[in-house]
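Have the model open and follow along.

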Amino acid sequence: MYSLSHIAKAAPQGDCFIFAVRSSKCSPILGASNSNHFIKLYDTTSLQYTTQLRHRATISDFCFSSTDPNVLFSAESKTVQVWDLRSQRSSPFLAAWVEIDSLHVSCDGTMLAIGDGNDVVLRDCRQMQNEMARYSEFHAESVTAAQFHPTKPNILCTGSQDGLVNMLDIKAGSANDHEDVLVWVFNIFDPVERLTLCGDNYAALAATTSMESMAICSLESGDLLGSFDRQSEDTYIVGCLCSEASGGQLVSFTGSKLPENEGKLFGQSVGSGLSEVETVLEGGHQGLVRSIVGIQDTRVLASGAEDGTLCMWTMEGKPVSHPRKVTKKTKDAEAQNEMFVGLGKLDTCSKFKPY
């Protein structure tokens, strides 16, 4: 279970929404983007405010460098801002042709993946003017999610409003031939909002959608392992977190639009089905929660809401292994669950076409 440890406000006047919360992998920094066009930075140990990064327009996405504790990337319109956190100054680059909807940095810190309209663009983090690749043929609508593999810098997963989730091996193709880059295609039908790598060795992928549904995909076999529809009209998915210490166990956090539950977060383990609610985060937010992130391998959580509050939640004692009561207990579902929690080494030799 988690308890509320710290709380902060995005703005003193209280009329500022928090859109997204991100944490740095190589420094104790937490960032929160808000409706006033700022990214505010906080210390992850105390939620103490440190500084803010001002933008001129709505911040569509941002991410920290995976290797440099002083670098942050943010996107507004067609521009990527590369921030030096020591000076709070940025170097802007016109990095897109249409509009940037998603950003993510490879685990080795060398590449930045950008969702530029329907295109997936790779840029060199050391020389942002260098466009390394542009994949225009993999999605038919806006690329709303990009996620590099946590340990394999050549593996990139993308999701789009066209309902497709792709796994790419960006080292497999050439500058003019992209056919070998595409490894798997998963058609989950609903517009994709977020992607989370999970499972043993991060060999599975959870995709959540704007229809509040979720699909689990195997990056090893190319199989769709399972899908879960919206639980009720009053609930919405805030995000999914994966704990490496628990063998890649995936936990889904949902919020509620009911007045008596507004501001609460409900955590459920994901396997062959959704468990009953195992964790409730309450007492911090008063509005709809829009983002959640794990820190220290999910021993600490941070969440941001439309009421402008940023909350930090700390695990009480040691993690508890809950017996999971799933919604379906068929042999097929149990077999899928075994695949999900015990996926092995990635095999990138085949493709699956949904058409």
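## Ground rules

This is a predicted model, so to speak of a local feature takes pLDDT of at least 70 and side-chain atom pairs count only at pLDDT 80 or more, while totals for chains, interfaces and linings use all residues. Numbering runs from 1 along each chain as its sequence is written, and side-chain values use heavy atoms, with hydrogens and water left out.

## Aromatic pairs

How many aromatic pairs does a search of the whole structure find? It finds 3. Rings of Phe, Tyr and Trp (its six-membered ring) pair if their centres lie within 6.5 Å; planes under 30 degrees apart are stacked, over 60 edge-to-face, and the rest tilted. One of the pairs is Y42 with Y49: the planes meet at 70° with the centres 6.0 Å apart, so this pair is edge-to-face. Y42 is buried at 2% relative accessible area, and Y49 is partly exposed at 38% (buried is under 20% relative accessible area, exposed over 50%, partly exposed in between, with a 1.4 Å probe and protein chains only).

F62 and F64 also pair edge-to-face, with 6.4 Å from centre to centre and 70° between the planes. F62 is buried, at 1% relative accessibility, and F64 is buried too, at 8%.

## Charges over rings

Y49 turns up again here: K40 lies over its face, 5.4 Å from the ring centre. The label applies when NZ of Lys or CZ of Arg is within 6 Å of the ring centre and within 35 degrees of the ring normal. Elsewhere, R290 has its charged end over the ring of Y236, at 5.5 Å from the centre.

## Positive phi in a loop

Most residues other than glycine have a negative phi. Now look at the loop between β26 (289–295) and β27 (300–305), where D297 is found; strands (E, at least two residues) and helices (H or I, at least four) are DSSP runs numbered from the N terminus. D297 isn't a glycine, yet its phi is positive, at about 55°. T298, placed in the loop between β26 and β27, isn't a glycine either and has a positive phi of about 65°.

Are these two buried or exposed, or partly so? D297 is partly exposed at 26% relative accessibility, whereas T298 is buried at 12%.

## D162 and its partners

D162 lies in the loop between β15 (155–160) and β16 (164–169) and is buried, with a relative accessible area of 17%. Which side chain does the side chain of D162 make a polar contact with? That would be H139, at 3.4 Å. A polar contact is a pair of N or O atoms within 3.5 Å; within protein, one must be able to donate a hydrogen and the other to accept it, and residues adjacent in sequence count only if both atoms are side-chain atoms.

The D162 side chain also reaches the backbone nitrogen of L164, at 2.9 Å. Not counting residues up to four places away in sequence, D162 touches H139, A140 and E141 (contact means heavy atoms within 4.5 Å).

## T309 in its strand

T309 is found in strand β28 (residues 309–315) and is buried at 5% relative accessible area. Its side chain makes polar contacts with the side chain of H285 at 2.5 Å and with that of D307 at 2.6 Å.

Leaving aside neighbours within four places in sequence, T309 is in contact with residues including I7, A8, K9, I18 and H285.
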